[in-house]
Amino acid sequence: MTVDVVVLGAGPAGLAAALFLSADGHRVTVLERDGAEPGQSRAVSHFRQPHVLLPRGLAVLKRRLPEAVAAIEAAGGHRWHLLSRDTLDDRYEFLSARRQVLESALTGLADRAPHVEVQRGVGVSGLLTRDSGTGGAPLVHGVTTDCGERLEAGLVVDAGGGGSPVGAMLGDLQHVTDTALPPDAGFDFYTRYFRSPDGTLPPRPAWPLEHYDSVSTLALPSDNGAWSLTLVVSRRDWVMRSLYEEHVWDRTAALFPALTEWVGYGRPVTGVLATAGPGTRRRSVVRGGRPSVTGLVSVGDAWGTTNPEFCQGLSMALIQAELLCEAVRAERDPARLVLAYESAAQEALGPFYATSRFWEQNRLAEIYAAIRGRRFHGGPDWTAVMAMEAAKLADPDVLTAISDIGSMLAAPVEAMSRPEVVSKALSLAAGSPAPAPTRATLLSTLSR
């Protein structure tokens with residue numbers, strides 16, 4: 001049975017959901033309130049930040065939409081391996097590209113898809129709802145656009161991002177569980193893009209993401225011979241806000257061994273791109289095992305966000321889009337469809353969301369303690385996580401476990417439960433010195 005679907009949002013999550021559903025024969029209308037064309041600067045705060053498809057997300061795109069992979073690569077997207085450039089094992093294969101490259105590639109496919117229509121500059125002012133007729137949750141059966149047009153649909157997919165207005169539109173129709181942290185309890189990202197004179201990439205660091213005293217560093221290849229370097233700090237760490245100044249960013253980045261070669265290999269092609277990263281946040285319309293509204297599901301950041309340091313968002317969106325297709329195939333009843341999708345998404349992605357939230361809360365507490373000149377004493381789980389971070393390059397079993405987690409190939413609890421992984425990490429990390437630079441060195445550099 002085919003249904004008319006309205007997707008709210010033409011970002012990667014919305015376009016992927018539209019393309020996956022249209023491949024099953026459903027007629028899909030995508031409404032994008034931003035009138036800018038793909039590839040142009042948009043009012044999305046993280047539009048210019050690094051975007052990466054993790055191996056699990058890339059596997060979904062290869063399986064469901066291989067032409068999208070080809071289109072992204074044709075536009076300059078870069079495939080790379082987490083552990084080795086020369087490995088023939090594509091289990092740890094990543095695909096990197098800027099947001100505009102991803103959107104342009106997916107939009108080109110959507111424009112050619114026979115069952116997809118993308119309308120830009122069209123916002124949604126309300127949801128069409130009615131009683132389900134069975135005494136159950138209200139049924140969403142379409143939307144009202146800003147122009148007053150009523151679009152009926154068998155399914156509405158919210159892909160409007162973390163700031164989606166859909167929750168406010170629902171009003172008293174449903175209870176939304178929202179796990180947002182306070183606005184100041186999050187991370188800020190300071191990114192610069194680089195390119196070498198001959199377009200080649202520098203040798204990658206041993207690991208793309210490293211955590212130091214008060215700062216994390218993220219080094220990622222991008223598209224068309226460029227790469228990005230990011231400094232991640234706590235939003236409550238006021239002194240770090242001077243990183244938006246290029247000369248301060250340059251001096252600070254030079255302190256980190258993982259970035260040294262990448263900084264010196266080429267020249268910056270952007271200034272410092274400052275972004276307030278979304279915190280780990282989950283919205284759910286299911287309460288007590290029952291949906292409080294039907295006919296409506298969410299994908300991408302509208303479903304939930306995780307810490308951008310771990311680059312999980314895009315892969316989560318693709319996994320959700322595939323699970324949604326499976327739920328639509330299996331269930332005709334609106335309530336059962338919502339429950340089937342939410343249950344599958346929670347089973348597949350809930351462990352990663354929970355780990356991101358756990359990591360975020362402990363890392364923020366650790367940095368806040370450093371700001372006050374105190375030592376943070378996390379629990380045994382936090383100690384184990386930090387030990388694995390410190391020992392990942394010293395033991396193959398620890399490296400495999402943390403690679404599987406970082407690639408979303410294994411749930412964190414499963415990977416850390418492998419025999420002797422945590423005990424090896426704790427033993428190896430016990431005698432390891434804290435990675436330099438210290439917070440004192442950072443403060444001295446920032447104040448110059």
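Is Trp359 buried or exposed? Trp359 is buried, at a relative accessible area of 4%; buried here stands for under 20% relative accessible area, exposed for over 50% and partly exposed for anything in between, using a 1.4 Å probe and protein chains only. Before going on, bear in mind that this is a predicted model, where local features need pLDDT of at least 70 and side-chain atom pairs count only at pLDDT 80 or more, while totals for chains, interfaces and linings use all residues. Residues are numbered from 1 along each chain as its sequence is written, and side-chain values use heavy atoms, with hydrogens and water left out.

Let's start with the aromatics. The whole structure holds 10 aromatic pairs, a pair being Phe, Tyr or Trp rings (for Trp, the six-membered one) with centres within 6.5 Å; planes under 30 degrees apart are stacked, over 60 edge-to-face, and the rest tilted. Trp80 and Phe94 are stacked, with 4.6 Å centre to centre and 25 degrees between the planes. Trp80 sits in strand E4 and Phe94 in strand E5, 14 residues apart; helices (H or I, at least four residues) and strands (E, at least two) are DSSP runs, numbered from the N terminus. Trp80 is buried at 4%, and Phe94 counts as buried at 5%.

Phe310 comes from the loop between strand E22 and H8, Trp359 from helix H9, 49 residues apart. Phe310 is partly exposed, at 21%.

Now for the nonpolar cores: sets of buried Ala, Val, Leu, Ile, Met, Phe, Trp, Tyr and Cys residues joined through side-chain atoms within 4.5 Å. The largest has 95 residues, and Val157 and Leu324 are among those with the most contacts inside it. Helix H8 (residues 313-330) supplies the largest share, 11 residues. Beyond its neighbours within four places in sequence, Val157 is in contact (heavy atoms within 4.5 Å) with residues including Val5, Leu21, Val299 and Leu324.

Last stop: Ser196, in the loop between strands E12 and E13. Ser196 counts as buried, at 5% relative accessibility. Its side chain makes a polar contact with the side chain of Asp198 at 2.9 Å; that term covers N or O atoms within 3.5 Å, where within protein one must be able to donate a hydrogen and the other to accept it, and residues adjacent in sequence count only if both atoms are side-chain atoms. The backbone oxygen of Thr200 lies 2.6 Å from a polar atom of the Ser196 side chain.
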